[in-house]
Amino acid sequence: MLHFVFHTPEIPGNTGNAIRLAACTGARLHLVEPLGFNFDHANLRRAGLDYHDLAVMDVHPTVEALWDALGDARVFAFTSHSSTRHTDVAYRDGDVLLFGRESTGLPNEVLADERVHERVRIPMLAGRRSLNLANSASIALYEAWRQLGFPDGV
């Protein structure tokens with residue numbers, strides 16, 4: 001099983017889309033608090049549609065709790081501050097794809113943490129700040145799942 005993490009997400013629609021992504025791929029979604037919304041938010045419910053019961057998701061009160069839950073899994077931090085493309089990684093079962101909040105990305109202390117195996121980026125045209133968080137997670141997760149042969153996919 002692949003894992004993907006939203007570190008302190010702010011926009012409920014992105015997390016709703018991530019819940020749907022988890023349900024459709026079999027990946028486990030991890031959210032690190034504080035969250036910029038609550039789970040009753042209409043945009044979260046709308047984006048996740050009826051997939052909430054089909055997704056596997058954990059909410060962690062701190063990044064330290066996340067690290068404890070992940071054990072020794074390889075963590076790939078997605079950031080524009082890397083020259084390694086996400087497609088240059090040979091993903092393995094159990095890998096973790098880590099994404100930062102919509103407004104600021106991953107904080108430096110998370111990027112510098114010894115548990116981060118590698119920093120990677122999704123290519124885009126010069127002069128653009130970033131992709132949407134849910135879109136980035138989809139691009140990265142589907143590449144990792146593709147490399148694994150889409151286990152259980154139809």
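## Ground rules

Helices (H or I, at least four residues) and strands (E, at least two) are DSSP runs, numbered from the N terminus. This is a predicted model: local features need pLDDT of at least 70, side-chain atom pairs count only at pLDDT 80 or more, and totals for chains, interfaces and linings use all residues. Residues are numbered from 1 along each chain as its sequence is written, and side-chain values use heavy atoms, with hydrogens and water left out.

## Helix 1

Helix 1 covers residues 12-25. Its 14 residues should span 20 Å at 1.5 Å a residue. The expected span is 1.5 Å times one less than the number of residues. The end C-alpha atoms of helix 1 are 20 Å apart, which agrees.

Helix 1 is mostly covered, with 10 of its 14 residues buried. Buried means under 20% relative accessible area, exposed means over 50%, and partly exposed lies in between (1.4 Å probe, protein chains only). Among the buried residues of helix 1 are P12, G13, N14 and T15. I19, L21 and T25 are also among them. Just after helix 1, G26 takes a positive phi of about 80°.

## Helix 5

Helix 5 runs over residues 133-147. Its 15 residues should span 21 Å, and its end C-alpha atoms are 21 Å apart, which agrees.

The buried residues of helix 5 include L133, A137, L141, E143 and W145. What covers the buried residues of helix 5? The cover includes strand 1 (3-7), helix 1, strand 4 and strand 5. Such cover is judged by contact, meaning heavy atoms within 4.5 Å.

## Aromatic pairs

The structure holds six aromatic pairs. Rings of Phe, Tyr and Trp (its six-membered ring) pair if their centres lie within 6.5 Å; planes under 30 degrees apart count as stacked, over 60 as edge-to-face and the rest as tilted. One of the pairs is F78 with F99. The ring centres of F78 and F99 are 4.6 Å apart and the planes are at 20°, so the pair is stacked. F78 lies in strand 4 (residues 75-78) and F99 in strand 5 (residues 96-99), so the pair ties together parts that are 21 residues apart in sequence. F78 is buried, with a relative accessible area of 10%. F99 counts as buried at 3%.

W145 and F150 form an edge-to-face pair, 5.0 Å centre to centre with 85° between the planes. W145 is buried at 10% relative accessible area, whereas F150 is partly exposed at 35%. F78 and F99 also belong to one aromatic cluster with F4 and F6.

## Salt bridges

The structure holds five salt bridges. A salt bridge is a side-chain nitrogen of Lys or Arg within 4 Å of a carboxyl oxygen of Asp or Glu. D95 forms one with R74, and the closest N and O atoms are 2.7 Å apart. This pair links distant parts of the chain. D95 sits in the loop between strand 4 and strand 5, and R74 in the loop between helix 3 (63-70) and strand 4, 21 residues apart. Both D95 and R74 are buried.

R115 and D113 meet in another salt bridge, at 2.9 Å from N to O. R115 is partly exposed at 37% relative accessibility, but D113 is buried at 18%.

R146 and E143 form a salt bridge of 2.8 Å, N to O. Both lie in helix 5, three residues apart, about one turn of the helix. An α-helix has 3.6 residues a turn, so residues three or four places apart point the same way. R146 is partly exposed, with a relative accessible area of 43%. E143 counts as buried at 11%.

## A loop residue: T84

T84 is in the loop between strand 4 and strand 5. Is T84 buried or partly exposed? At a relative accessible area of 21%, T84 is partly exposed. Leaving aside its neighbours within four places in sequence, T84 is in contact with E118, R119, V120 and R121. T84 and V5 are 79 residues apart in sequence and 19 Å apart in space, C-alpha to C-alpha.

## A nonpolar surface patch

M124, L131 and I139 form a nonpolar patch on the surface. Together they have about 210 Å² of accessible area, by the Shrake-Rupley method with a 1.4 Å probe; for residues, only the protein chains shown count as cover. Patches are made of residues with over 30% relative accessible area and no salt bridge: like charges are joined within 9 Å, nonpolar side chains (Val, Leu, Ile, Met, Phe, Trp, Tyr) within 5 Å.

L131 is placed in the loop between strand 6 (116-120) and helix 5. L131 counts as partly exposed at 35% relative accessibility.
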